[in-house]
Amino acid sequence: MTIELVLVTIVASLLSGLFGVLISFRFYERLEKRKLKIETAKKLIGSRYDIGSNDFRSAMNEIFVVYADSSEVMQAMENFWEVLQIPIQHRALNAADDKLLILLKKVCSDSGITHPKHINDAFFMRTFNAPQQIQR
């Protein structure tokens with residue numbers, strides 16, 4: 001074996017390993033970003049029944065970091081925030097619900113969370129608030 005052949009083999013091996021590491025890192029980075037988005041979406045949707053709750057506030061405060069790469073989510077969050085700044089007696093009847101619905105849908109879409117066609121807008125806004133004690 002000549003030195004040139006050995007050097008070519010070593011360089012090819014190093015480049016191959018480096019290429020593999022870079023591809024693995026890129027896929028890992030994308031996976032972690034998606035996991036963060038899904039976690040924020042779960043927190044946001046799970047606490048939508050009480051927009052004054054700490055969980056909902058926390059999820060809303062995470063959006064601008066976690067979804068910074070999505071102009072649609074950022075715009076939907078901005079629109080929702082603007083509606084909430086209007087006193088209740090001066091805003092349209094369902095304005096906040098409408099903007100929240102759009103935000104939830106954009107968050108789900110950007111997170112890669114799909115839902116069946118039979119789940120409509122009313123389903124997004126429906127919450128489960130069972131009475132403290134169920135009569136038997």
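Leu104 touches Leu44, Ile45, Arg48, Phe124 and Met125, leaving aside neighbours within four places in sequence; contact here means heavy atoms within 4.5 Å. Leu104 sits in helix H4, and helices (H or I, at least four residues) and strands (E, at least two) are DSSP runs, numbered from the N terminus. Phe124 is 20 residues away along the chain, yet its C-alpha atom lies 7.8 Å from that of Leu104.

A word on where this comes from: the model is predicted, local features need pLDDT of at least 70, side-chain atom pairs count only at pLDDT 80 or more, and totals for chains, interfaces and linings use all residues. Residues are numbered from 1 along each chain as its sequence is written, and side-chain values use heavy atoms, with hydrogens and water left out.

Now for the pockets. A pocket is an open set of points on a 1 Å grid over the protein atoms alone, where a 1.4 Å probe fits, with protein on both sides within 12 Å along at least five of seven lines; lining residues have an atom within 4 Å of a point. Volume is the space filled by probe spheres set on the points, which are joined across faces, edges and corners.

| Pocket | Volume | Lining residues include |
|---|---|---|
| Largest pocket | about 260 Å³ | Ile51, Phe56, Phe80, Trp81 |
| Second largest pocket | about 150 Å³ | Arg48, Ile51, Phe80, Met125 |

For the largest pocket, helix H2 (54-66) and helix H3 (71-84) each supply at least two lining residues. That lining divides into eight nonpolar, one polar and two charged residues, where Ala, Val, Leu, Ile, Met, Phe, Trp, Tyr, Cys and Pro count as nonpolar, Asp, Glu, Lys and Arg as charged, and the others, Gly among them, as polar. In the second largest pocket, helix H4 (residues 95-111) gives the most, with three residues, and the lining splits into six nonpolar, one polar and three charged.

What about the overall fold? The protein chain has five helices and zero strands. Its radius of gyration is 23 Å, well over the 14 Å that the globule rule gives for 136 residues, so the chain is more spread out than a compact globule. That radius is taken over C-alpha atoms, and the rule is 2.2 Å times the number of residues to the power 0.38. Along its principal axes, the C-alpha trace spans about 85 × 45 × 30 Å. Buried residues make up 22% of the 136.

Methods
Buried means under 20% relative accessible area, exposed over 50%, partly exposed in between (1.4 Å probe, protein chains only).
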